[in-house]
Amino acid sequence: MPIQINLDAVLEKRGMKSNELADIIGITTANLSILKTGKAKAVRFSTLEAICKALDCQPADILEYVPD
Amino acid sequence: MKKVKILYTVIFISIVLYIIHFIMNTFLMYYKPEFLNFPKTFYSQFIFGYYTQFVSLFFSILTFIALFYVKSGLGVIIKEGFFNAKCSKQFKISGNIFLITGSLSFLWYLLLLFYSKGKMPISGASDVLLIIIGLGMLVITDIVKNGHLIKKENDLTI
């Protein structure tokens, strides 16, 4: 898929672990893993908002368009 | 889900009745010589003579197999929920069998009607009903398949 998820890089910058983020935004680590590995079919605005709030970043920091 | 369970029970009872019916018929044919023992002149009126009765038996067996697939599909729904790939496969097979059985049975009825030169009573309604059930099962298969796809996408929406 041409939409790439850069969540790992942002998490590393903030020094935060995946399970901590999952706890803060209120989703399971399994679902966060689906998001990180790019297996997710869609992302809710509410989830994106919670991630941006927790990591103090912009949606563009997490999502990136990379043409095939 | 309650209605699915009721349908499952009804189909299960039908299958049991079918089995009892087959066993009883087999028993009567082999152990009671007087059962359906008509004179040869009687059978000569039919297209395949004595063997004409076995054509309907063949259609009954096909219907039994289709019922078995419907039962399996409903069982999967009860266990795993409405939309899953397994039950859509079972429903597709049963729908195709119902459709083929209904069509063949209707053709058989037309053949008998033609052979008897219109002396047969009009009784093709059950065959048409079987065709409708078959088509209905195929429509349900499509609905379940699409539902499964939507469910999968919904599950992967974070």
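A crossing of two helices is called left-handed if the near helix is turned anticlockwise from the far one by less than a right angle, and right-handed if clockwise. In this sense α4(B) passes α5(B) in a left-handed crossing. The model is predicted, with pLDDT of at least 70 needed for local features and 80 or more for side-chain atom pairs, while totals for chains, interfaces and linings use all residues. Residues are numbered from 1 along each chain as its sequence is written, and chains are lettered from A.

Helix α4 of chain B covers residues 85–115, helices being DSSP runs of H or I with at least four residues, numbered from the N terminus. Its 31 residues reach 45 Å from first to last C-alpha, close to the expected 45 Å, that is, 1.5 Å times one less than the number of residues. After α4(B) comes B:K117, with a positive phi near 55 degrees.

Among the buried residues of α4(B) are B:F91, B:I97, B:F98 and B:L99, where buried stands for 20 or more other C-beta atoms, placed from the backbone, within 10 Å of a residue's own. Their cover includes α3 (52–80) and α5 (125–155) of chain B.

With α5(B), α4(B) packs at about 160 degrees, the axes lying 7 Å apart; axes are lines fitted to C-alpha atoms over the stretch in contact, and angles run from 0 to 180 degrees between N-to-C directions. The pair is therefore roughly antiparallel, a term for angles over 145 degrees.

Notes: Helices (H or I, at least four residues) and strands (E, at least two) are DSSP runs, numbered from the N terminus. A residue is buried if 20 or more other C-beta atoms lie within 10 Å of its own, exposed if 12 or fewer, and partly exposed in between; C-beta atoms are placed from the backbone. Two residues are in contact if their C-beta atoms, placed from the backbone, lie within 7 Å. Angles under 35 degrees count as roughly parallel, over 145 as roughly antiparallel, 65 to 115 as roughly perpendicular and the rest as oblique.
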